Amino acid sequence: MILNLLRSGRRCGQKVAPRNPNARKASATGVSRAAPAAATIARNVPRAGQEVQLLSPFPAPAASAATNHAEHFAGANPSHASAIAVAFAAATAAAAAVAALAQAAACQDAADEDDEEGEEGEDEALVMTNWSGTHSCTPSRVYHPETSAEVAALLKEHHAKGAKLRVVGSGLSPNGIGLGDSGAAMLNLAHLDKVLQIDRDKAEVSVQAGMKVGDLCAWLEPHGLTLENLASIAEQQVGGFTQVGAHGTGARVPPVDMQVISMRLATPGLGLIELSDSKNKELFALAKVGLGVLGVVTEVTLRCVPKHDLIEHTYVATRNHVKEHHSRLLREHRHVRFMWVPFADCVVVVTNDPVPEALKKPGGGGYDLSSLAATHPAVSDPPLPLRELLRSETDARRRRASQGAAQGLEIAGGAELPTEAEIAQLGFAQLRDALLALDPLSSAWVRRVNTAEAQSWERAQGFRVGRNVDLLQFDCGGQQWVSEVAFPAGTLDHPTGADLRFMDKVLEIIERGEGLPAPSPIEQRWTANSTSKMSPACATERQRSELQAGAKLDETFHSWVGIIMYLPTEDPNTRKRITDAFGDYRRLCETEAWPMVGAAEHWAKIEVPGASGAPNEGEPAHVSAKELKKARDRLAARYPLEAFARARRTLDPKGVLGNAHVGTLLAPSPE
């Protein structure tokens, strides 16, 4: 069966069609039928060969975030809030799709157990696709263990046979880091989703690694606790959340791997081991961002903070204003992010801070924001400029198509355009996708879309109050290619300005000449330093020595910047053209901007040059080889790869947990 985890609202609830109905049933080789604990399957799942329906467009923990986001962007108009919630639902639907994928994968196990020995039947191939629809694999089977011991048993079995077994979380990484090699088995920890212990006094929680981050926050709330920081969404499994170096924003707030106090790691070579600052500290520093290749994280203990509400302020500023007040913003606000709009003198600034006492109603009855209302008067339908642009362009295209038909000509563009009723119901992200789909690689058209987006953000300025777990999530948009890098930017007392110089260069790359078709936004966030050796936010000794005022390592902060190109169409030719255009865009940034600041790519967003499905696939072999060598050399200069390789040889001597993506990137560069 095919399970395409496309991040599109209209995909939610769509039935899944078989990829190859004539494919022979996958072999059960490698599964010990005498040891059911090593081949645990999901409960209450459809049988192999059945259609799988994604029943819920987004899980409950994300629902409140969707509603909050919608209400903020729609002002006081409930109908607009509903429409925008649909767009946010598309951004959070991936986790529900992954859950359905895990269940569908288990169908094969269930069918294998029921078939009589020697019977030859037919089964459907399983295709696992990441949330962005950019990478996929065809695993031989997917295991769903329920305890650390079951995970260890599976690893022991595959280690004995030298067979691959890649662990995947919610499948949210934009690249292929979480996917296994086609034909190999995979492991999903969705059933290891229990809270093991909450220590309110120590502000710590021990949890199985398959629990969703949003669900964990819901468990913590009655105990007066929450997580200090989140990534853009809370649908990751806790294990994947930490293993790829996810981060939120806040110059004084470290990346999420720094919340890890200890972990239990299931390894092919040594079985179950415990890691912390007091138990094998050096290995712990490597394994906190272990990329899933040092072992399978089955349990973690995380540092928490008291639960709290935040007040969020969203406003639009000019580029010069942001540069002038940049240092103050980072010092004064707990969480800050910028969204730079190419081709427009517009930066969307979003700050989140503890709610001032003056805004709290007497008796703990909520908050009174009336004193802030005059700052940004409410308007109806904030994304109206995007909506009007879509209306005018679709009308113009229909007229051209009609005129062409009257003359006996075939002019594309009239049949699949949205109707007026559909346009009226589209939310912000959906409007942007629909507009970009009309001409995604025209710089002139993308410039018009970006201008309308900037105007929409001007109408969406305002304040809102909510739980930190809700406000620290945000709509990431539709299917996309994304490249994100991190680099040190000094200390809060002595910023180097590297983050602003970097943005100047990226914008100059985009806007020179006729310009690149770079949609909005370019997102910029910040975190404190990480001591996890494989984290992009772990400053090297050389980087530290270059910072002003001899900054201490724990005083440095890092900037994270992500560029993007959306994939608003399912047409394979157009998607391929967008993919290659993004590859060129990214390469310009790599060549001209990254060296300025010693940038390191986010592990969940680094692509393998020349790999199948990656940008610029099919380029000449010597070009791919050159690009791959540059990537490997950059990683070798940035991370302690020799120590990481030694740890892999000890914990996973046969490379059971690796995949082609990680193996290719971390292999030594040929001279």
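This is a predicted model: local features need pLDDT of at least 70, side-chain atom pairs count only at pLDDT 80 or more; totals for chains, interfaces and linings use all residues.

Modeller: Cysteine 304 is in no disulfide, and the nearest cysteine sulfur, which belongs to cysteine 217, is 8.4 Å away, whereas a disulfide would need the two sulfur atoms to be within 2.5 Å. Cysteine 304 has a relative accessibility of 5% and therefore counts as buried, since the cut-off for that word is under 20%. Cysteine 346, with a relative accessibility of 3%, counts as buried too.

From the cysteines we can turn to the backbone. Most residues other than glycine have a negative phi, and most peptide bonds are trans. Phenylalanine 343, which is not a glycine, has a positive phi, near 70°, and it lies in the loop that runs between β15 (335-340) and β16 (347-354). Because its relative accessibility is 15%, phenylalanine 343 counts as buried. Aspartate 381 is another residue other than glycine with a positive phi, in this case near 50°, and its place is the loop between β16 and α8 (384-406). Aspartate 381 has a relative accessibility of 8%, so this residue counts as buried. The peptide bond that leads from serine 520 to proline 521 is cis, its omega being near 0°, and proline 521 is found in the loop between α13 and β19 (522-528).

Two packed helices are described by the angle between their axes and the distance between the axes. For helix α7 (residues 319-332) and helix α13 (residues 498-511), the axes come within 11 Å and cross at roughly 155°. An angle over 145 degrees counts as roughly antiparallel, and α7 and α13 are therefore roughly antiparallel to each other. The crossing in which α7 passes α13 is right-handed. On the side of α7 the contact is made by Arg319, Lys323, His326 and Leu330, while α13 contributes Asp499, Leu500, Asp504, Leu507 and Glu511. Sorted by class, the residues in the contact of α7 with α13 are three nonpolar, one polar and five charged.

How values were computed. Residues are numbered from 1 along each chain as its sequence is written. Side-chain values use heavy atoms; hydrogens and water are left out. Axes are lines fitted to C-alpha atoms, for helices over the stretch in contact, and angles run from 0 to 180 degrees between N-to-C directions. Helices (H or I, at least four residues) and strands (E, at least two) are DSSP runs, numbered from the N terminus. Angles under 35 degrees count as roughly parallel, over 145 as roughly antiparallel, 65 to 115 as roughly perpendicular and the rest as oblique. A crossing is left-handed if the near helix is turned anticlockwise from the far one by less than a right angle, and right-handed if clockwise. Contact means heavy atoms within 4.5 Å. Ala, Val, Leu, Ile, Met, Phe, Trp, Tyr, Cys and Pro count as nonpolar, Asp, Glu, Lys and Arg as charged, and the others, Gly among them, as polar. Buried means under 20% relative accessible area, exposed over 50%, partly exposed in between (1.4 Å probe, protein chains only).
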